[in-house]
Amino acid sequence: MSDHQLSHLDSEGRARMVDVSAKVDTTRTAIAAGEMHTTAEVVRLVQADDLPKADVLATARIAGIQGAKKTSELIPLCHPIPLSSVNIAFDFTETTITIEATAKTKGPTGVEMEALTAVAIAGLTLHDMVKAVDPGAVLTDIRLVSKTGGKRGHWTREGSSFANNDRSATVIVSSTGAAQGTRDDTTGPVIASWMAGHYFAVNPVAICADADIAKVLSAAVAQQPALIITTGGTGASPTDRTPEATSALLDRPLPGVAELIRQKGTAKFPLAALSRGIAGLAGRTVIVNLPGSPGGVKDGLAVLDELLDHLLAQVAGGGQHESTGGSK
């Protein structure tokens, strides 16, 4: 028998609900997407909220969230799980409406089916809302894009635009001690967890010696993630080189972001003013330097909590992207 057995079949080939009682609870996130292909007129009417059935996107969004909550009732062998949040986003091309759903939970089993169901139900609702104008609209390409959590960790669909840029993120720890194994990395996992909580597909944390930060950062930028956060190497020590490595890659600096992070830190710890961390854009990738201390990371992430979504929307072109979320 193949090593890749279907989990919902027992040894005799009968359908079953998988026993997850022995699995550990972890934070789990899944992102799914799909497209509705329609006419340019429909896309224009939806964006302008000018269809005979008003509030098209709001209605589809609520339907998608409700669909995620009802997944275990719709799909027989799915476990009922406590959803921490469900986020539905829409984007547009001339003749396409893209639906993206992100579902999150903390528990022993994943939320892939909840994210996929959210996309399907939101898409069917869109179809219902536009069929008077375009009965030939087609809902297609519903697929899992990315998932995190559980023993298999992070998975991203190969070749997806999401994997290349849309909502992927990288953490780089600049610490010679951590790279050599003489000290524990206490900041990288915190940043990665924060990213996952903000619906990013998080690449494995990269730990490098201070002397190697330029090479590692350049390689990360070449992958074109939406976000790179570095930690460490921002001080005045001769070996601290992260700001210089970052500056060499930036097309446009974001000095206000770095200054807010310093202000947040110095309000509690005056020595935070010594951080030379910078922030900016390398193409469409946002890069932010955070200090190497747990406190400095906490302060920096608190600043990004307030800024990041709007910044990423601006980088993506603003105006075209609508999203909101819901929780159970």
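This report walks through a predicted model, from the overall fold down to a few residues.

**Overall picture**

The protein has 328 residues, and 45% of them are buried. Its secondary structure amounts to 11 helices and 13 strands. If you look at contacts between residues at least 6 apart in sequence, 75% of them join residues at least 24 apart.

**Helix H1**

Helix H1 spans residues 40–47, and its buried residues are Val42, Val43, Leu45 and Val46. Viewed down the axis of H1, these buried residues fall within an arc of 165°, so they line one face of the helix. What do they pack against? The partners of the buried residues of H1 are helix H2 (56–69), strand S2 (83–92), strand S3 (96–107) and helix H4 (112–130). Just after H1 comes aspartate 49, which has a positive phi of about 55°.

Next up are threonine 170, which sits in strand S6 (residues 168–174), and threonine 230, which belongs to strand S9 (residues 227–231).

| Residue | Relative accessible area | Class |
|---|---|---|
| Threonine 170 | 9% | buried |
| Threonine 230 | 0% | buried |
| Leucine 271 | 53% | exposed |

Why does threonine 170 count as buried? Its relative accessible area is 9%, and the cut-off for buried is under 20%. The side chain of threonine 170 makes a polar contact of 2.9 Å with the side chain of asparagine 203. Skipping neighbours within four places in sequence, threonine 170 is in contact with Met195, Asn203, Ala220, Pro225, Leu227, Ile228 and Ile229.

For threonine 230, a polar contact of 2.9 Å links its side chain to that of asparagine 289. Leaving out residues up to four places away in sequence, threonine 230 touches Ile172, Leu217, Thr242, Val288, Asn289 and Leu290. There's also a C-alpha distance to note: threonine 230 and threonine 187 are 43 residues apart along the chain, and their C-alpha atoms are separated by 9.7 Å.

**A patch on the surface**

Which residues form a nonpolar patch on the surface? They are Phe269, Leu271 and Leu274, and together they have about 340 Å² of accessible area. One of them, leucine 271, is found in the loop between helix H10 (255–266) and strand S11 (279–282). Leucine 271 counts as exposed because its relative accessible area is 53%, and the exposed class begins over 50%.

Methods: Residues numbered from 1 in each chain as written. Predicted model: local features only at pLDDT ≥ 70, side-chain atom pairs only at ≥ 80, totals over all residues. Heavy atoms only, no water. Helix = DSSP H or I, 4+ residues; strand = E, 2+ residues; numbered from the N terminus. Buried < 20%, exposed > 50% of the residue type's maximum accessible area, 1.4 Å probe, protein only. Contact = heavy atoms within 4.5 Å. Polar contact = N/O pair within 3.5 Å; in protein donor to acceptor, adjacent residues only side chain to side chain. Arc of directions from axis to C-beta. Patch = residues over 30% accessible without salt bridge, like charges linked within 9 Å, V, L, I, M, F, W, Y side chains within 5 Å. Areas by Shrake-Rupley, 256 points an atom, 1.4 Å probe, with all protein chains shown as cover. Salt bridge = Lys/Arg side-chain N within 4 Å of Asp/Glu carboxyl O.
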